[in-house]
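Keep the sequence and the 3D view at hand as you read.

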Amino acid sequence: MSQKSPPLTVSPFLYPLDEFYAQAGRVLPAIKPVDGTKVPEPYRSLLVHSEDMTSTLESFHGESIRLEVLSRQERGDFYFREVVLILVQSGRLVEFGAIKMNLALFPPTARRQILDEKLPLGRILEDHKIVYSNRPKGFFRVESDGFIQTALGLPGVVKVFGRRNALLDPRKQALAEVVEILPPIPKRRGEPLAV
């Protein structure tokens, strides 16, 4: 007798990561919503704010960041991708994320750079001086599954923190919806990882 696979689930709290999981037939990992004031440091400083994540991570780690795309999809004007952000000098993985972008809201040169898949979105927005605001929609603790462990180079199951964020243009249209998950990180350079 064959075992039934667990039902695929989606979670609006994890959109658009939940769509990638459902399409790949993966079950979402255990997730617990967390009030922003209860997110422990150093995650709180890195997640609970309305600044862009690229420059926040670059400032914290003291290195510039590059992008590696794990998977991608285009649906009309919408472009979806799962990515990891990597420190250029040390090669350390500093974020796993899933993002949905509305390409119609970007100028043509920025749109081309997004599709070239070389720079993080935060860098493109800054380079093109695109006016936008970050609107975090929620924070969470997630127990890493095999996919997140592989993406972030984790040795096993760990509890890490993340956020769901929207990037809005001046007319409050969503340039992007993103889920950002951070690996265990040192409180300060040279300290042991916080888990």
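Arg 44 is partly exposed, with a relative accessible area of 31%, where buried means under 20% relative accessible area, exposed over 50%, and partly exposed in between (1.4 Å probe, protein chains only). Glu 41 is also partly exposed, at 36%. The side chains of these two, Arg 44 and Glu 41, meet in a salt bridge at 3.9 Å, N to O. The term salt bridge stands for a side-chain nitrogen of Lys or Arg within 4 Å of a carboxyl oxygen of Asp or Glu. This is a predicted model, in which local features need pLDDT of at least 70 and side-chain atom pairs count only at pLDDT 80 or more, while totals for chains, interfaces and linings use all residues. Residues are numbered from 1 along each chain as its sequence is written, and side-chain values use heavy atoms, with hydrogens and water left out.

Across the whole structure, the search finds ten salt bridges. Another of them brings together Lys 137 and Glu 177, at 3.1 Å from N to O. Lys 137 belongs to strand E5 (residues 133-143) and Glu 177 to strand E7, so their pairing ties together parts that are 40 residues apart in sequence. Strands here are DSSP runs of E with at least two residues, helices are runs of H or I with at least four, and both are numbered from the N terminus. Lys 137 is partly exposed at 44% relative accessibility, whereas Glu 177 is buried at 12%.

Now look at Glu 180 and Arg 163, whose side chains form a salt bridge of 2.6 Å, N to O. Glu 180 sits in strand E7 and Arg 163 in strand E6, so this pair links parts that are 17 residues apart in sequence. Both Glu 180 and Arg 163 are buried. Elsewhere, salt bridges with shared partners join Glu 58, Arg 123 and Glu 126 into one network.

Of the 21 residues that line the largest cavity, Ile 99, Leu 121, Gly 122, Val 178 and Glu 180 lie nearest its centre. A cavity is a set of points on a 1 Å grid over the protein atoms alone where a 1.4 Å probe fits but cannot get out, and lining residues have an atom within 4 Å of a point. Among the elements that give two or more residues to this lining are helix H3 (53-61), helix H5 (121-127) and strand E6 (159-168). Strand E4 provides the largest share, four residues.

Conventions: On a 1 Å grid over the protein atoms alone, a cavity is a set of points where a 1.4 Å probe fits but cannot get out, and a pocket is an open set with protein on both sides within 12 Å along at least five of seven lines; lining residues have an atom within 4 Å of a point.
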